[in-house]
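I opened the model and kept notes as I went through it. The entries follow in the order I looked things up.

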Amino acid sequence: MPTNCRTVKQIVLLSNEKEQHGFPSPIVLGIGQMAATIMILYVSKLNKIINFPDFDKKIPIKLFPLPLLYVGNHISGLSSTSKLSLPMFTVLRKFTIPLTLLLETIILGKQFSSDIIVSVLTIILGAFIAAGSDLAFNLEGYVFVFLNNIFTAANGVYTEQKMDPKELGKYGVLFYNACFMIIPTLIISVSTGDLQQATEFSQWKNVLFIIQFLLSCFLGTGAWLRLTSSHPVPACRAAPRPRFLLMFSAALCSCYNSALTTAVVGAIKNVSVAYIGMLAGGDYVFSMLNFVGLNICMAGGLRYSFLTLSSQLKSKQPVDEENIPPDLKS
């Protein structure tokens with residue numbers, strides 16, 4: 001599935017550079033990633049590689065409420081990461097999956113089999129067991145992380161809905177969402193002093209840092225906090241950020257599968273990173289309870305994947321209408 005490429009990027013592309021440079025401005029990094037999204041998609045449209053609607057006054061209405069969900073996701077994500085322990089944060093973030101299932105049922109009118117529901121609940125159970133040794137309670141942290149779950153789930157479901165080729169399509173959703181959000185994000189960056197920290201950063205003359213910053217913008221990583229800190233930060237604590245290749249991978253996964261599948265694959269990815277941490281070293285601290293919980297999570301995710309792929313083999317694959325030149329459509 002498309003989002004599986006995130007794990008490779010997390011481990012290979014940026015981990016060494018993040019520890020070396022300590023870039024202080026995560027919002028500026030987000031702005032760079034939005035700019036990369038706009039540039040790549042616009043140039044591709046000009047060269048007729050892809051196709052999405054030209055701007056008109058109906059675009060904001062068609063895109064609504066995605067920009068608002070992005071802001072909510074962004075703010076609640078930043079607020080939640082520092083309020084809870086890593087195990088508890090990981091458990092609570094798994095509730096994005098059943099929330100996505102619920103919203104797909106309500107908004108998109110989908111129906112799910114009991115096997116799919118059991119697979120989702122198995123992932124949640126595994127997360128609770130994995131964090132069983134550190135289930136600390138923090139009301140403020142719980143509120144922020146559940147808001148983050150709601151915004152994340154709603155963003156995924158509405159993105160899936162808006163990607164209808166007869167509306168904006170996947171390229172249009174990515175392009176116009178980045179266009180509408182880059183200026184408000186820049187204002188936030190200026191008002192919080194984030195932009196000033198970025199301009200005063202001492203590594204801008206370092207060619208290696210510039211290359212790695214650009215890789216972060218164009219390729220993306222789920223562990224963006226490692227770029228913004230001089231100390232290693234666990235990837236699963238990272239708040240959501242708009243990364244072009246990562247966003248595009250998630251959009252493709254939602255387009256050809258569903259928002260729920262994208263959420264489940266993200267959970268499998270996190271468990272996979274933990275497995276790699278066990279074998280290759282890193283910040284994973286082994287405990288039997290945690291290990292059992294991770295295996296239950298993985299079993300639920302793999303079961304979901306098997307059920308989803310089995311059902312897809314019985315149905316016709318969608319035609320990618322956005323890659324068909326306009327003159328060939330009829």
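**Entry: Lys 48**

I started with Lys 48, which is found in the loop between α3 and α4. This is a predicted model, so I read every value as computed. Phi of Lys 48 is near 60 degrees, a positive value in a residue other than glycine. I noted it because most residues other than glycine have a negative phi. Is Lys 48 buried or exposed? Lys 48 has a relative accessible area of 76%, so I put it down as exposed.

**Entry: Phe 52 and its partner**

I stayed in that loop, between α3 (26-46) and α4 (59-63), and went to Phe 52. I looked up the ring of Phe 175 next to it. The two ring centres are 4.9 Å apart and the planes stand at 35 degrees, so I logged the pair as tilted. Stacked would have required planes under 30 degrees apart. Which parts does this pair tie together? Phe 175 belongs to helix α10 (residues 169-192) and Phe 52 to the loop, so the pair ties together parts 123 residues apart in sequence.

I then checked burial. Phe 52 has 4% relative accessibility and counts as buried. Phe 175 has 8% and counts as buried too.

How many aromatic pairs are there by this rule? The count comes to twelve. I also looked for a cluster around Phe 52. One aromatic cluster is formed by Tyr 42, Phe 52, Phe 55, Phe 175, Tyr 176 and Phe 180.

**Entry: Lys 45**

Phe 52 also has a charge over its ring. The charged end of Lys 45 sits there, 4.8 Å from the ring centre. Lys 45 has a second contact: its side chain meets that of Asp 54 in a salt bridge, 3.2 Å from N to O. I compared the burial of the two ends. Lys 45 is buried, with a relative accessible area of 18%. The cut-off for buried is under 20%. Asp 54 is exposed at 53%.

**Entry: salt bridges**

How many salt bridges does a search of the whole structure find? It finds three. I had already noted the one between Asp 54 and Lys 45.

I went on to Lys 110. Glu 104 forms a salt bridge with Lys 110, with the closest N and O atoms 3.8 Å apart. A salt bridge has to be within 4 Å. Glu 160 forms a salt bridge with Lys 110 as well, and here the closest N and O atoms are 2.6 Å apart. Lys 110 lies in the loop between α7 (96-107) and α8 (114-130) and Glu 160 in helix α9, so this pair ties together parts 50 residues apart in sequence.

I listed the accessibility of each member:

- Glu 104 is buried, at 0% relative accessible area.
- Glu 160 is buried, at 15%.
- Lys 110 counts as partly exposed, at 25% relative accessibility.

Leu 139, Val 143, Leu 147 and Ile 150 make a nonpolar surface patch of about 350 Å². Ile 150 lies in helix α9 (residues 139-162). At 43% relative accessibility, Ile 150 counts as partly exposed.

**Entry: a cis peptide bond**

I checked the peptide bonds next. Most peptide bonds are trans. Which two residues are joined by a cis peptide bond? Phe 64 and Pro 65 are, with omega about 10 degrees. Pro 65 has its place in the loop between α4 and α5 (66-81).

**Entry: two serines in loops**

I looked up Ser 258 in the loop between α14 (244-256) and α15 (259-280). Its relative accessible area is 6%, so Ser 258 is buried. What does the side chain of Ser 258 reach? It reaches the backbone nitrogen of Thr 261, at 3.1 Å.

Ser 25 was my last stop. Its place is in the loop between α2 (15-21) and α3. Ser 25 has 0% relative accessibility and counts as buried. I also took the separation from Gly 193, which is 168 residues from Ser 25 along the chain. The C-alpha atoms of Ser 25 and Gly 193 are separated by 8.9 Å.

Note on methods. Residues numbered from 1 in each chain as written. Predicted model: local features only at pLDDT ≥ 70, side-chain atom pairs only at ≥ 80, totals over all residues. Heavy atoms only, no water. Patch = residues over 30% accessible without salt bridge, like charges linked within 9 Å, V, L, I, M, F, W, Y side chains within 5 Å. Areas by Shrake-Rupley, 256 points an atom, 1.4 Å probe, with all protein chains shown as cover. Helix = DSSP H or I, 4+ residues; strand = E, 2+ residues; numbered from the N terminus. Buried < 20%, exposed > 50% of the residue type's maximum accessible area, 1.4 Å probe, protein only. Phe/Tyr/Trp six-rings, centres within 6.5 Å; stacked < 30°, edge-to-face > 60°. Lys NZ or Arg CZ within 6 Å of the ring centre and 35° of its normal. Polar contact = N/O pair within 3.5 Å; in protein donor to acceptor, adjacent residues only side chain to side chain.
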